[in-house]
Amino acid sequence: MKRSGRLSLALHALVHLHKQPDAAMTSATLAQCLMTNPVVVRRVLGELRDAGIVGATKGHDGGWRLLRPAAEISLRQVYAAMGESLLIRTESDPGDIACGIVRSVNSVMGEFIADAEALLAARLERVSLDDIARQATPHPLHPHQGVQHHG
């Protein structure tokens, strides 16, 4: 798994979608809210669509929508859909695998990482998208027709 800001971007977009339940949001509108490019939004939301979290429609009233209530979408589901890791792995270079010490270090560190990932997954399962949305406060500088930019 790779480490990037895509998970944060996905969560940000999902909260915006949750806050606009009566209207689909276009990639362009979300990109403006997230201060990024619509292509980036489409890539991230495409992964969430593949996981059954969001759906998209084309046409005049088209755009992205949540497929389930935010209270039923756990952070673990989003985390899994994005294929990211919040933990940094400590594995050695594959060329070093012939060394018994390297194998031992990798084994011990691998167990630590597996334990930490299990704890993280359990915690992410207990937090829903709705939990995040309820903590979100509108940005005071952008009251544009209900769309809250920057956060």
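Accessible areas here come from the Shrake-Rupley method with a 1.4 Å probe. With that in hand, I looked up the surface of the protein. The accessible surface comes to about 9,200 Å². Carbon and sulfur atoms hold 56% of that surface. I note that the model is a predicted one.

**Overall layout**

I looked up the secondary structure next. The protein has 6 helices and 2 strands. I read their order along the sequence as α-α-α-β-β-α-α-α.

Then I checked burial. The protein has 151 residues, and 35% of them are buried.

I also looked at contacts between residues at least 6 apart in sequence. Of these, 66% join residues at least 24 apart.

**Ser27**

I turned to a single residue. Where does Ser27 sit? I found Ser27 in helix α2, which covers residues 27–34.

Is Ser27 buried or exposed? Its relative accessibility is 7%, so I put Ser27 down as buried. The cut-off for buried is under 20%.

Which residues does Ser27 touch, leaving aside those up to four places away in sequence? I listed Pro38, Val41, Arg42 and Trp64.

**Met35**

My last stop was Met35. I found Met35 in the loop between α2 and α3, and α3 spans 38–50.

I looked up the backbone angle too. Phi of Met35 is near 55°. That is a positive value, in a residue other than glycine.

Is Met35 buried or exposed? Met35 has a relative accessible area of 58%, so I marked Met35 as exposed. Exposed begins over 50%.

Terms used
Residues are numbered from 1 along each chain as its sequence is written. This is a predicted model: local features need pLDDT of at least 70, side-chain atom pairs count only at pLDDT 80 or more; totals for chains, interfaces and linings use all residues. Side-chain values use heavy atoms; hydrogens and water are left out. Helices (H or I, at least four residues) and strands (E, at least two) are DSSP runs, numbered from the N terminus. Buried means under 20% relative accessible area, exposed over 50%, partly exposed in between (1.4 Å probe, protein chains only). Contact means heavy atoms within 4.5 Å.
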